[in-house]
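User: I'm new to this one. Can you walk me through it, starting with the charged pairs?
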Amino acid sequence: MLEVVPIIITVVFSFVVKNVFGSTGDRSQMFYTCVQDCLAKNCSDSAQDFQLSFPLRLMQWTCSDECKYLCMWPTVNWFVEAEIGVQQFYGKWPFVRLLGIQEPAAALFSILNLVGHVVMIRKFRKQVNPNAPFYLFTHVFCLICCHAWFWSILFHIRDVRFTEIMDYLGAFSMVSFSVYHFFARLTALRSHSSLYSLCSGIAIGFYFVYHSYTTFFVKMDYGYNMLINIAFGAVNIIGWSIWCLKYYKKRPYVKQCAAFIGLVAFTTLLEVLDFPPLFWVFDAHALWHLSTSPLAIFWYKFLIDDCNYLEGVVMDLEKLA
């Protein structure tokens, strides 16, 4: 759940804005002329002296990509000198590469998020009985989150169509599984709870597979992607909020869940307040990744307390049976 709101904002700003409104930088005449001259000089069949460094070739940078990167900086300087301000290129702010890595800070902070899940699932395993409800469920949640952050790392290392789609689908997998988590938790310990959980899981799973197929093989529809993320995110946020309001007085640990919602909403301000990267490295999106990295700690603490609570309820029911 803790990733839901940032994902919605990310989809809105990173995908929809990028593709609907375009970018001033790459549409400028100066940039276009520079790129065309660079391609003619360095990327033609006769340009045998131009060689990319090993890190760039390892990261699958092409001669065309290199021309765009090299032409970006004089264009940025021209925008700044003309007091127009830093502009985006192909939907992204200009970043200084590090060994071929496009967005070093965002990649590093994505690693921190992944590590947070790995560390906390180990703590979860130590503090929760393997027979407790949602024990296996939490491991699946961790696996899905680690998979999503893995693709986030690769996407920020190198933005190509495949890594972009995998990053998006990884993010959507966290949103959709969080919705499934909510429905499963809502019906836990009720009669036919397994049936409800199974049906909701199959429905959400089939939709995710269908959406993944259309995204890969039909069309990457950014507007539609935004809408479904907003829809899934709204269900998740509203549902967990109502659940917290219902139980926070009866179960003190539920306040942790409520606090997460507020913290996550606060961190999304970094996505709303989009700005050019500081030192050409730290933009709002990278700082958002940094701000979300410790949230996994708080969320898993809630999951630990909730699983232990559910185990106690199950034991009490067994005693009464």
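**Salt bridges and a surface patch**

Analyst: The structure holds 5 salt bridges. A salt bridge here is a side-chain nitrogen of Lys or Arg within 4 Å of a carboxyl oxygen of Asp or Glu. This is a predicted model, where local features need pLDDT of at least 70, side-chain atom pairs count only at pLDDT 80 or more, and totals for chains, interfaces and linings use all residues. Residues are numbered from 1 along each chain as its sequence is written, and side-chain values use heavy atoms, with hydrogens and water left out.

User: Which residue does R158 pair with?

Analyst: R158 pairs with D65. Their closest N and O atoms are 2.7 Å apart.

User: Where do R158 and D65 lie?

Analyst: R158 is in the loop between α7 (135–157) and α8 (161–186), and D65 is in helix α5 (residues 63–81), so the pair ties together parts 93 residues apart in sequence. Helices are DSSP runs of H or I with at least four residues, numbered from the N terminus.

User: Is R158 buried or exposed?

Analyst: Buried, with a relative accessible area of 10% for R158. Buried means under 20%, exposed over 50%, and partly exposed in between, using a 1.4 Å probe and protein chains only.

User: What about E103, which residue does its side chain meet?

Analyst: E103 meets K92 in a salt bridge, at 2.4 Å from N to O. Both E103 and K92 sit in the loop between α5 and α6 (104–127), 11 residues apart. E103 is buried at 5% relative accessibility. K92 is buried too, at 17%.

User: Which residues are linked with K92 in a network?

Analyst: E103 and D159. Salt bridges link K92 with these two.

User: On to D306. Which residue is its partner?

Analyst: R185 is the partner of D306, with the closest N and O atoms 2.6 Å apart. The pair links distant parts of the chain: D306 is in helix α14 (residues 295–320), R185 in helix α8, and 121 residues separate them. D306 is buried at 4% relative accessible area. R185 is buried at 5%.

User: Switching topic. Which residues form the nonpolar patch on the surface?

Analyst: L108, I111, V115 and V119. Together they have about 320 Å² of accessible area. Such areas come from the Shrake-Rupley method with a 1.4 Å probe; for residues, only the protein chains shown count as cover. Patch residues have over 30% relative accessible area and no salt bridge; like charges are joined within 9 Å, nonpolar side chains (Val, Leu, Ile, Met, Phe, Trp, Tyr) within 5 Å.

User: Where is V115?

Analyst: In helix α6. V115 is partly exposed, at 39% relative accessibility.

Notes. Helices (H or I, at least four residues) and strands (E, at least two) are DSSP runs, numbered from the N terminus.
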